[in-house]
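Grab a pencil and have a go at these exercises.

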Amino acid sequence: MNAHGENLQREEDLLRQTLRQEDPSSGFAQRVMARVSESAGASEPARAVLWYRPFFGPVIRWSAVAAVSASVIVSTVHYRNMQRERAQGEAAKQQLMLALHIAGSKLQLAKEKVNDANQAQHHTKSSPSPSRSKS
Amino acid sequence: MAERIITAVPLPEFAEIVRCYQSMVFSIALHFLEDRFAAEELAQDVFLQLHASLPKLKSEYHVKFWLRKVTAHRCIDYRRSRTISHVSLDEAPEPSIAGGLTDIFLEKKVRQFVATLAEKPRMVVILRYQEDMSAEDIAEALTMPVATVKSHLQRSLAMLREKMTRTIGEVAI
C-alpha cells in the first residue's frame with residue numbers, strides 16, 4: 001500500500017472510531033415503551049363517553065345471547081310441529097280420498113247390479129209364458 | 001441475519017427490538033444533531049413510528065433498514081425545520097474512551113469537521129462510517145443516486161484531509 005492509500009485508510013479508521021455507536025441514557029427502552037403504551041391507549045376510542053356502551057355490559061350481553069338462543073329453539077320446535085301437523089293432514093287427506101274412491105267404486109257396482117236386476121225384470125214381463133198362449 | 005417474519009408484535013418483543021437497535025438509532029441522530037437530548041427525543045419518535053409500521057415490515061432485515069432510513073430522513077427534516085441551539089463541541093462533554101489524549105483530540109476535530117458538512121453529505125458519512133453501509137445501501141436509504149453518494153464520500157474525505165492537515169499536520173492523522 002502506498003502513502004496515499006495508508007493515509008486514506010487512517011482517515012477512514014479515524015472516522016469509524018469517532019462515529020462509533022453510543023448508548024442512549026439508561027432507561028431509554030422503558031421510556032419508549034411508556035410512550036408506546038400511552039399512544040396505544042390514546043388511540044383507543046373513549047369508551048366511557050360512548051352512549052351505547054351501557055347496552056354492551058356483560059350481563060346484558062349474555063342476556064341477549066340467551067334470548068336469541070331461546071328464540072331460535074322456540075322457532076325450531078314450532079316449525080317442526082307445523083311440519084308434523086302438515087304431514088298428518090296430508091295422510092288424512094290421502095285416507096279420505098282412498099275411502100271416497102272405494103265408496104265410489106262400491107256405489108258404481110251397486111248401481112250396475114240394480115240396472116241388471118231391472119233389465120232382467122223388464123225382460124221377464126215383456127215375454128208371454130208358453131203355457132198361457134197355448135190355453 | 002436469520003430472516004424472521006414480523007407480524008403483530010407484543011409489547012415485550014417490541015421492547016426487545018428497541019433494546020437491540022437503540023444504540024444504532026440514537027447514534028445516527030447524535031452524530032447528526034450533536035445534541036444528546038434532541039437525539040434521544042428523535043430516536044424515541046422513530047421507535048414510536050416503528051411500532052405503528054411494524055406489521056408492514058417483512059423481516060428483521062427490513063426493520064434494520066427501515067430504522068436507518070427513517071432515522072436519516074427524520075434527522076434531515078429535524079435540522080431543516082427547527083432552529084437548534086447548538087452546543088459547541090468545545091463545551092460538550094467528551095465520551096469516555098480507552099484511547100489516549102491524541103485520540104480524544106483527533107476525535108474532537110473529526111466531530112467538528114463532520115458538523116461542518118451539509119445535511120446530506122453529513123448523513124452519507126455517518127451511515128458509511130458508523131453503520132458501515134455500502135454506497136448502494138446508502139443511496140437506497142437516502143433516495144439518491146449511487147454516484148452522488150460516492151461523490152459525497154470522496155469530497156468529504158478530501159475536505160477532512162485538508163482540514164486535518166491544516167490543523168495538526170498530515171503526519172498526525
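**Exercise 1.** Which residues of helix 5 of chain B are buried?

*Solution.* A quick note: this is a predicted model, where local features need pLDDT of at least 70 and side-chain atom pairs count only at pLDDT 80 or more, while totals for chains, interfaces and linings use all residues. Residues are numbered from 1 along each chain as its sequence is written, with chains lettered from A and ligands numbered from 1 in the order in which they are written.

Step 1: a residue is buried if 20 or more other C-beta atoms, placed from the backbone, lie within 10 Å of its own. Helices are DSSP runs (H or I, at least four residues), numbered from the N terminus.

Step 2: read off the list, and you get Arg122(B), Met123(B), Val124(B), Val125(B), Ile126(B), Leu127(B), Arg128(B) and Tyr129(B). With eight of its eleven residues buried, helix 5 of chain B is mostly covered.

**Exercise 2.** Work out how helix 3 of chain B runs relative to helix 5 of chain B.

*Solution.* Step 1: their axes (lines fitted to C-alpha atoms over the stretch in contact, with angles from 0 to 180 degrees between N-to-C directions) come within 10 Å and cross at roughly 150°.

Step 1: so helix 3 of chain B is roughly antiparallel (over 145 degrees) to helix 5 of chain B.

Conventions:
Helices (H or I, at least four residues) and strands (E, at least two) are DSSP runs, numbered from the N terminus. Angles under 35 degrees count as roughly parallel, over 145 as roughly antiparallel, 65 to 115 as roughly perpendicular and the rest as oblique. A residue is buried if 20 or more other C-beta atoms lie within 10 Å of its own, exposed if 12 or fewer, and partly exposed in between; C-beta atoms are placed from the backbone.
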